[in-house]
Amino acid sequence: MAKGRVAKKTPIRVLIAKPGLDGHDRGAKVVARALRDAGMEVIYAGLRQTPEEIVRAALEEDVDLVGLSILSGAHMALFPRVLSLLKEEGGQGIPVFAGGIIPDEDARRLKKAGIRAIFGPGTSLEEIVTTARSLARRSA
Amino acid sequence: MTGFSSRLPAAARAIVDGDRRALARTITAVENGDPSADRVVRSLYARSGRAPVVGLTGPLGVGKSSLVNALVGRLRSLGQTVGVIGVDPSSPFTGGSVLGDRIRLERRADDTGVFFRSMASRGAAGGVAAATREVSRLLDAAGFDVILVETVGSGQVDVAIRDIASTSIVVVVPHLGDEVQTLKAGLFEIADIFCVNKVDLPGAELAKRDLAELVTLGGRPSGWTPPIVGTSTVEPTGIDELWNDVIAHEKFLDSSEERTRGERKRLSTEIVGLARDHVGRELTHRLERDPSLRHLLDEVVARRIDPRTAADRLVRGGRRAR
């Protein structure tokens, strides 16, 4: 390496995916856009992803962070599945955050299960960006 | 040097052995210019050059991602493994990016015959990222039979895929413009294959005719005449034909001097580019850090010497800068 090479700031890579069968991806898109505007590289995987597909994408894309969006109510089945598959495939170090319609009691249990942050309706984009950044930096 | 495989660095060994996590991590390191990737990239070069590298380029919205997905399907049905790189633009303002090429990829969660990687252009012009070429080599060394590279939605002069791909497919759709557009310099010059996608839309025949006219106006110096294929991914049409044309072009390369000639040209561009980057970094470092040369910059700012003269002195190491 040339001595003159200056260490560049490398962009955070984040996967945004929607597990479950609801087709409401506006929230996921708004978050993707906000993370993009915060200088991150957002791999947008889109709607109706299975936990298997999400984990595979996270590992192939070597992301620093995974964001899941869900409005269907199937979060208690799908989120833990994503976490356990990530662990199985050697991606347990990748933090996962989530957003959507998730009751407080479920949110508490999901956090206990390893979802690092959960954002409900009304969360500011600023808070999401700040949290995403700190989660990604801590995992690096 | 393939006989020295035991001397490969651990990450390189893992990539050759099919460790997808090692591959993914090394790709990140290459993208980031991380020194840890340096030895891996160097050591795997000898194992690349085997897989055809097929580039898909064309304006935004013509259906490149959908075609990539269709080609992946075709290749998998032929029993071939595929490495895919999908490049999307980085924001010139924030550096951020939304990489959406993966969204078209059909559900293949348990198919290890496909590896898909999204890549941001990170400021590189020309339709691909600086790391795209080296990453396509990593996929090649990892054993994928075919490498597909999808460029950023291209403008008229985004022809960098030419420096990476052995076969370049230029994708257009009906009503992109009249036949004079096809005469213009740039994108249309690099096509080994023309693909008129969304061929189910009105105007497709006219688009094909305009391209056919372009092709007959004068052949390539190589003697290859780009075929024109109509495709659709809605009701899959022309995908087999498109792939057969890729094979035909690859065979043409092998049966003529063109494979070697093209490789030499691409590698020469790469070597000079790498050397230029290297020297450029050294010079930037010198100008900004070397006290005697910082003075040179001051002189130019003060209009006491001109930039050309300063550049001469910088290259000579600033011996006469004072």
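Close-up 1. A:Val42 stands opposite B:Val98 in strand S3 of chain B, in a model that is predicted throughout. The two strands concerned, S2(A) and S3(B), run parallel and are joined by three bridges. Beyond this pairing, the contact between the chains involves 30 residues of chain A and 33 residues of chain B. On the side of chain A that touches chain B, the elements giving two or more residues are helix H1 (26–37), S2 and H2 of chain A. Sorted by class, that side of chain A has twelve nonpolar, six polar and twelve charged residues.

Close-up 2. The strands follow the order S5(A)-S4(A)-S3(A)-S1(A)-S2(A)-S3(B) in an open sheet with parallel pairing. At its edges are strand S5 (117–119) of chain A and strand S3 (97–99) of chain B, each of which pairs on one side only. From one strand to the next, the twist averages 20°. Within chain A, strand S1 (residues 13–19) and strand S3 (residues 65–70) run parallel and are joined by four bridges, and A:Ala17 has A:Leu68 in S3(A) as its bridge partner.

**Close-up 3. Helix H2 of chain A against the sheet and against helix H3.** Helix H2 (residues 51–60) of chain A lies across S1, strand S2 (41–49) and S3 of chain A, and runs at about 170° to S1(A). H2(A) also packs with helix H3 (residues 75–88) of chain A, at an angle of about 40° and with the two axes 9 Å apart. The crossing of H2(A) with H3(A) is right-handed. On the H2(A) side, the residues that meet H3(A) are A:Pro51, A:Glu52, A:Ile54, A:Val55 and A:Ala58, while H3(A) brings A:Leu78, A:Arg81, A:Val82, A:Leu85 and A:Leu86. Of the residues in this contact, eight are nonpolar and two are charged, with no polar ones.

**Close-up 4. Confidence along chain A, with its opening residues.** Chain A has a mean pLDDT of 90, and 93% of its residues reach 70 or more. Over residues 1–7 of chain A, however, pLDDT stays under 50, and for this stretch the model has eleven contacts beyond four places in sequence. Where pLDDT is low, predicted coordinates should not be read in detail.

Terms used. Residues numbered from 1 in each chain as written. Chains lettered and ligands numbered in written order. Predicted model: local features only at pLDDT ≥ 70, side-chain atom pairs only at ≥ 80, totals over all residues. Pairing = 2+ DSSP bridges. Axes fitted to C-alpha atoms, helices over the stretch in contact; angles between N-to-C directions. Contact = placed C-beta atoms within 7 Å. Left-handed = near helix turned anticlockwise from the far one by under 90°. Nonpolar A, V, L, I, M, F, W, Y, C, P; charged D, E, K, R; others polar. pLDDT = per-residue confidence, 0-100.
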